[in-house]
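Please report on the fold of this chain. Cover its elements, the sheet and the surface.

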Amino acid sequence: ELVRLLPPRHLVIEGGATAFACLQALGWLHLSVADVLAPGVVALATPQGATVVLKPGSYAWTHNTDTP
């Protein structure tokens, strides 16, 4: 109930089934692509003003070697 009263402004979710469950629970059913961050990794915008980053569960996390 707390999440419904104070919904998050930013989420990072790994896995399609997890994303579906989280977004459905929040009632965030309409999303638009805001940015493509990496192959298969997208930032989505909700009408409520939140940002959701989705990464497929089958994709490995990569490390940016350009930063210390």
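## Fold report

Leu5 is found in helix H1 (residues 2-5). Helices here are DSSP runs of H or I with at least four residues, strands are runs of E with at least two, and both are numbered from the N terminus. This is a predicted model: local features need pLDDT of at least 70, side-chain atom pairs count only at pLDDT 80 or more, and totals for chains, interfaces and linings use all residues. Residues are numbered from 1 along each chain as its sequence is written, and side-chain values use heavy atoms, with hydrogens and water left out.

**Surface.** Leu5 is exposed, at a relative accessible area of 62%. Exposed means over 50%, buried under 20%, and partly exposed in between (1.4 Å probe, protein chains only). Leu2, Leu5 and Leu6 make a nonpolar surface patch of about 370 Å². Patch residues have over 30% relative accessible area and no salt bridge; like charges are joined within 9 Å and nonpolar side chains (Val, Leu, Ile, Met, Phe, Trp, Tyr) within 5 Å. A salt bridge is a side-chain nitrogen of Lys or Arg within 4 Å of a carboxyl oxygen of Asp or Glu. The chain's accessible surface is about 5,100 Å², and 62% of it belongs to carbon and sulfur atoms. These areas come from the Shrake-Rupley method with a 1.4 Å probe; for residues, only the protein chains shown count as cover. Of the 68 residues, 22% count as buried.

**Sheet.** The chain has two helices and four strands. From the N terminus the elements run α-β-α-β-β-β. The four strands form an open sheet of mixed pairing, in the order E1-E4-E3-E2. E1 and strand E2 (32-38) are the edge strands, each pairing on one side only. The twist from one strand to the next averages 20°. Helix H2 (residues 16-26) packs on the sheet and touches E1 and E4; its direction makes about 145° with that of E1. Axes are lines fitted to C-alpha atoms, for helices over the stretch in contact, and angles run from 0 to 180 degrees between N-to-C directions. Contact means heavy atoms within 4.5 Å.

Strands of a sheet pair through backbone hydrogen bonds, either parallel or antiparallel. Two strands count as paired if DSSP finds at least two bridges between them. The pairings are listed below.

| Strands | Sense | Bridges |
|---|---|---|
| E1 (residues 10-14) and E4 | parallel | five bridges |
| E3 (residues 41-45) and E4 | antiparallel | four bridges |
| E2 and E3 | antiparallel | five bridges |

**Strand E4.** Why is E4 described as largely enclosed? Four of the five residues of E4 (residues 51-55) are buried, so the rest of the structure largely encloses it. Glu14 stands opposite Lys55 in E4. Leu44 has Val52 of E4 as its bridge partner, and Ala43 has Val53.

**Hairpins.** E2 and E3 form a hairpin with two residues between them, and Gly40 in the turn has a positive phi of about 85°. Ala38 stands opposite Val41 in E3. The hairpin of E3 and E4 has five residues between the strands; there Gly49 takes a positive phi near 95°.
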